[in-house]
Structures are given as structure tokens and as C-alpha cells.
Amino acid sequence: MKPGYIPRRAFLARAGGGIGAMALSSLLASEAQAQDPLAPKKPHFPAKAKRVISIFCFGGLSHMDTFDPKPELIKQDGVSVAGRKEFDTGGRSAPGKLMKSPWAFKNYGQCGMPVSDLLPHIGGCADDLALIRSMRSESNNHVPAVYHMLTGSILAGRPGLGSWVSYGLGTENQNLPAFVVMTDPRALVGGGAGNWSAGFLPSNYQGVQFRSSGLPVLNLKPPTGLSPEKQREQLDFLHQLNDVFLRERPQEQELSARIRSYELAYRMQSEATEAVELSKETEATKALYGMDKPETELVGRQCLLARRLVERGVRFVQIYSGGGVFDQSWDAHNGMVANHEKRAREIDIPVAGLLKDLKQRGLFDDTLVVFHTEFGRMPFTEGGTGRDHNPKAFSVWLAGAGIKGGTIYGASDELGYVASENVQTVYDLNATILHLLGLEHTKLTYPYSGRNMRLTDVSGEVIKPVLS
């Protein structure tokens, strides 16, 4: 132990008789209340789901080419829509010709859910999916649309969905982050870390980015020559100094969060390293996730990591498919076939493998899987071989805890241009996710800027027909 080092409670107690005792008592009381903001919390009502895995397809997954077949598009393929006032791209591009899907659809499962040839393995899980075909967004530009889906607002600076869940429920494992993010390493999603930021919530609830290979977090291993005992001594000394500072500034949330991040990083040195160690998984399990194929190895590794993390008590894991623009994501303005076939090959086997693995390990019934995107795509071309952004209609699906598998809810019009039946907003989807976690979305609030803020703003209804 360093010469002159005093354990922090003894340090405060020596601060001067009764004053020191009062300071110590006050600090311990505040520590008992705020020492661990990520401690498990009771939901508002009994929950179906304990944890969430979010798979986000950045760029705009085309609904009429994956989960929403349109026979009318086949009939009208090649018909020009130039000049027709009912079609609007928001000034982004000039509408070209109606374009049928290049892929055939097949009915899967006992429910007979149509899924295109792009995603046959996910289609094989149709009886576990609740497909919502009538989603709408508020922006036709990537960054505000992604923010809207993942933070509840088209504006930057709001807490991410995983941050709200961590704030509401805490975590089940104090040695791992409550909210883990895995991005596409080839390009960053639009809006970057703003999608998993804690926003105006305390920093404890921010998402922690994990890499999908190597050390999960940079600088996770201590420097060579630094023993665990010495490292513990250094952290305790920092605590001693910070405790004195916090005694005078008890509302200093950012410093408190920084102290807790140091402690979490220290504890993660053993548990996080073990959690991402895939060598102990069987070859059959790795193959289930597609880790034996070059095109599926990356997403397969991420999905397997997600399963291992939720298995160990992580509350919210978010995986991003695609980043950047155009061919780096699902943003198929040109070359629709090459773009979506490439992206679909990467995710189809891994996502289906995740669902199957969760089921065989007994995790499916209390894990919610969300498959979503920021908007859909237009039923007509931009004049070439791709489709422009379409916030007026798109599809998402849910699976797992509390979900009525084999369900199709809502519909877009006959061309897939606008959501026309049982229209659902981003607020409705997020209210449903919170509901499955036992959180009443109108009660999950945080005081900021003069009012109680919430993920669903001032609207949102639980989508009850997709619930079991």
C-alpha cells in the first residue's frame, strides 16, 4: 500500500470529530442511494422480457423486396410515374418507373408468412415472428430518421433506446455494461454515437461500444507490469480524492459517472474478456451462426456475442448492419439487386441462428429480438435500377418474449407506397418494446428542460395485436 494512503472512509472520519462523522454519514447515505444507478430495478408491472437484442439495418431496408410482397407492382412493372402528383419523394429525386421486386416470395411456416428469396433462413423462423407492415417515420433523410427510430426524436441529443431501458431497469450484471453496441466495422452508422448516447440522462446509461473481434473494448487489459493489487490501490486513491470533491459538490453527476466507469472497466477486465471468448463454443454452434462462411462470419460473430452477453445479464445489445452510404449500407439508390443481396447474405443465416440458439438455450421466452430499419424504399425507381427513401411505409418484426409468433399486422397500399391499414409510428413501436419489459412508457420519464421527458414524447400506443 502506498505510504500515507488512507482508506476513504477513514480519511473522511479524520476530517475533524463530529464534522468528519457527519460528512461520512452523509456520504455513505448518498452512496447507498446513488452508488449504483445500474442496480436492478423493479419494472412497473410484471415483464415478459428481461433483455433486448436490437438488429438495426441501416440505410433503409426495402419492405416490398423482403417482407411485403406486392402483386400489383408485378402488373405495373415499368409504368412511368413521372409527373403523377400522388407520388412524392420530398424533393430528393425524380420518380422514375414502377419496379417489381427482383425476388420471388415464398410462404413460410404454419402461418404462411410471405418472405422473399433474399431471406430464406429468417423466413424459416416465420412462426416466431410478429411482422408489422405498416410503419411510418417522420423523416426521409438517414440521420434524423435513425435518430427518430433509436432515440424517439429526429433531433440529436436524446437518449438512445438502450439508455432508456438501462435507466428504467438497471442491469443484471455489474461486471458488464448494461447497454452494449456493436457497429459495422466497415463504416459508422449515420448519426454515429448519438444513437446510443445517454443524452440528457446521466452518463452511466450510455451505450458501450464493443468490437466484434480482439479485445471487446480498447485498453481493457492493464499495462504490463501493473499488478491487480497495484491497480486496485490506484483506483482507491482516485476514489479518495474524488470523494473529497464530491462531498462539496454532491450533485456532480458526471464525476460520479466517471468514477463508476473506472470501477466498471476494472471489473470488466476479467468478465468482458470471458464473455467475448468464443473458442469455448462448439463448432456446431459457430456454424449455426454462419461463422464458418466468409460472408456471414462478421454478423455471425456479433449475433453470437449478443447471445453470450444477454446470457450473462446485459440488458440491451444493439447490432448494426451497414454503415456509411450506398453500398456500405442498405441504401440501394442504384444496383438494387447487388446491394440487397450482399447485405441479406450477411445477416440471413446469423439472425436466424440467433433465434434458434436462443430457443434451444431457454432464453427465447424472456429475450426480445427487434429487427428494424429507419424507413423503407419507394415502389418506383430513381430513373435507374434502385429505389429512393420512403418514410411513408416500411416493415419491422419482433420475436421472443411476449410476442405472438406467426403474426402479420398492418398493411401498406397495393404498391407499398404508404402505410394504409393499422398505421404504426416509431412511438408505438418503442412503447411496445418498453411494455414487454414491464415499463409503462408514459411513466418512464426524466426531468429535463422544464418538463418530464420520455422516449415516446407525447404519443405512442402499445401494439397489442402482436403480443401473445
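**Cavity, fold and sheet**

One cavity of 30 Å³ or more turns up in a search of the whole structure (a set of points on a 1 Å grid over the protein atoms alone where a 1.4 Å probe fits but cannot get out). The model is predicted: local features need pLDDT of at least 70, side-chain atom pairs count only at pLDDT 80 or more, and totals for chains, interfaces and linings use all residues. Residues are numbered from 1 along each chain as its sequence is written, and side-chain values use heavy atoms, with hydrogens and water left out.

**Cavity**

- The largest cavity has a volume of about 40 Å³, taken as the space filled by probe spheres set on the points, which are joined across faces, edges and corners.
- Its lining (residues with an atom within 4 Å of a point) consists of Thr-151, Gly-152, Ser-153, Arg-158, Pro-159, Trp-164, Phe-200, Arg-454 and Leu-455.
- Four of the lining residues are nonpolar, three polar and two charged, with Gly counted as polar.

**Chain**

- The chain has twelve helices and 16 strands (DSSP runs of H or I, at least four residues, and of E, at least two).
- Of its 468 residues, 55% are buried (under 20% relative accessible area, 1.4 Å probe, protein chains only).

**Sheet**

- Eight strands make an open, mixed sheet in the order E6-E5-E7-E1-E8-E11-E4-E12; pairing requires at least two DSSP bridges between two strands.
- Strands E6 (208-209) and E12 (407-409) are at the edges with a single partner strand each, so one side of each has no neighbour in the sheet.
- E8 (residues 367-373) and E11 (residues 394-400) pair antiparallel over four bridges; Val-369 has Ala-399 in E11 as its bridge partner.

Key:
1 Å grid on protein atoms, 1.4 Å probe; cavity = no way out; pocket = protein on both sides within 12 Å on 5 of 7 lines; lining within 4 Å. Buried < 20%, exposed > 50% of the residue type's maximum accessible area, 1.4 Å probe, protein only.
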